[in-house]
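Student: I have a model open and want to learn how to read its features. Can we go through them one at a time?

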Amino acid sequence: TVPCRLSLCYEFLLTSPPLQSFITRQELLTKKGWDRHLALFARLKAEHMSGDETDRDEDGKKIHPPSFTVAEAEWQSKKYRGLMRKLGQWQNEDWKNPTLDGDYKGGSGPRQRHYVGKIVNAPAPKGLWRNCYSKRWKAKLKPHQLQALEMVDEDYDFTLPDIDGGADGG
């Protein structure tokens, strides 16, 4: 029946790593009161999150415990990537140190993600601030492609508190 198929699609979407990343990062921003970053997320979709590739041993078998190599999009600036990585660090910190009963999620915990500089060609979102996009990537675009991005002609403030209590630029 159709409801069953829709249910299966919904369950699949909930297990999609990019969608999980997108949702959990938005939840973290809301929980921490970092509402100004929600304006950035309002312009993003799950497909704009970095992808994970399952790490395998020399025989092609999955490594246990599972670990993942992160594949980041070419369009993403270093500062944008830094913000996303820092949000991931905050998610891990919250999982390890729940402060409220509702914070404890149980299970196997956050993915073990490794950043090795893997860059992939992926669709870029429209309407982000100019410093969200990589300068090198923008330089490759034709004038009509650059215009189609509908960039905000201002720099985005990527600042988030450091996990150890300070603040940095993302």
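Student: Is Arg-43 buried, exposed or partly exposed?

Tutor: This is a predicted model, so the values are computed from it. Exposure is read from relative accessible area, with buried under 20% and exposed over 50%. Arg-43 has 37%, so Arg-43 is partly exposed.

Student: Where is the place of Arg-43?

Tutor: Arg-43 belongs to the loop between α3 and β1 (51-54).

Student: What does the charged end of Arg-43 sit over?

Tutor: The ring of Trp-129. The distance from the charged end to the ring centre is 4.5 Å.

Student: Which residues is Arg-43 in contact with, leaving aside its neighbours within four places in sequence?

Tutor: Pro-125, Lys-126, Gly-127, Leu-128, Trp-129 and Val-152.

Student: Now the overall layout. How many helices and strands are there?

Tutor: The protein has six helices and five strands. Along the sequence the pattern reads α-α-α-β-β-α-β-α-α-β-β. The protein has 170 residues, and 32% of them count as buried.

Student: What share of the contacts with a separation of 6 or more comes from residues 24 or more positions apart?

Tutor: 65%.

Student: Next, aromatic pairs. How is such a pair described?

Tutor: Two numbers describe a pair of aromatic rings: the distance of the centres and the angle of the planes. A search of the whole structure finds six aromatic pairs here. In one of them, Trp-34 and Trp-90 are 5.3 Å apart centre to centre, with 75° between the planes. That pair is edge-to-face.

Student: Which parts of the chain does the Trp-34 and Trp-90 pair link?

Tutor: Distant ones, 56 residues apart. Trp-34 is in the loop between α2 (17-32) and α3 (38-41), and Trp-90 is in helix α4 (residues 78-96). Trp-34 counts as buried because its relative accessibility is 13%. Trp-90 counts as buried because its value is 10%.

Student: Why is the pair of Trp-75 and Tyr-80 tilted?

Tutor: The planes of Trp-75 and Tyr-80 are at 55°, so the pair is tilted; the ring centres are 5.0 Å apart. Trp-75 counts as buried at 1% relative accessibility. Tyr-80 is buried too, at 0%. Trp-75 and Tyr-80 also belong to one aromatic cluster with Tyr-133 and Trp-137.

Student: Which residues have the most contacts inside the largest nonpolar core?

Tutor: Leu-40, Leu-44, Tyr-80, Leu-83, Met-84, Leu-87 and Cys-132, in a core of 26 residues. The elements giving two or more residues to this core are α2, α3 and α4. The most come from α4, which gives five.

Student: How do I check the geometry of α4?

Tutor: Compare its reach with the span expected at 1.5 Å a residue. Helix α4 has 19 residues and reaches 27 Å from first C-alpha to last, close to the expected 27 Å. Buried residues in α4 include Tyr-80, Arg-81, Lys-86, Trp-90 and Asp-94.

Student: What about backbone angles?

Tutor: Most residues other than glycine have a negative phi. Glu-150 has a positive phi, near 50°. Glu-150 is in the loop between α6 (143-148) and β4 (160-161). At 52% relative accessibility, Glu-150 counts as exposed.

Student: Is Tyr-156 buried or exposed?

Tutor: Buried, because its relative accessibility is 8%. Tyr-156 is in the loop between α6 and β4. Leaving aside neighbours within four places in sequence, its contacts include Leu-40, Leu-83, Trp-129 and Cys-132. Tyr-156 and Tyr-80 are 76 residues apart in sequence, and their C-alpha atoms are 9.0 Å apart.

Student: And where does Asp-157 lie?

Tutor: Asp-157 lies in the loop between α6 and β4. At 42% relative accessible area, Asp-157 is partly exposed. Beyond its neighbours within four places in sequence, Asp-157 is in contact with Arg-36 and His-37. Asp-157 and Lys-79 are 9.3 Å apart, C-alpha to C-alpha, and 78 residues apart in sequence.

Definitions and conventions. Residues are numbered from 1 along each chain as its sequence is written. This is a predicted model: local features need pLDDT of at least 70, side-chain atom pairs count only at pLDDT 80 or more; totals for chains, interfaces and linings use all residues. Side-chain values use heavy atoms; hydrogens and water are left out. Rings of Phe, Tyr and Trp (its six-membered ring) pair if their centres lie within 6.5 Å; planes under 30 degrees apart count as stacked, over 60 as edge-to-face and the rest as tilted. Helices (H or I, at least four residues) and strands (E, at least two) are DSSP runs, numbered from the N terminus. Buried means under 20% relative accessible area, exposed over 50%, partly exposed in between (1.4 Å probe, protein chains only). A charge sits over a ring if NZ of Lys or CZ of Arg is within 6 Å of the ring centre and within 35 degrees of the ring normal. Contact means heavy atoms within 4.5 Å. A nonpolar core is a set of buried Ala, Val, Leu, Ile, Met, Phe, Trp, Tyr and Cys residues joined through side-chain atoms within 4.5 Å. The expected span of a helix is 1.5 Å times one less than its number of residues.
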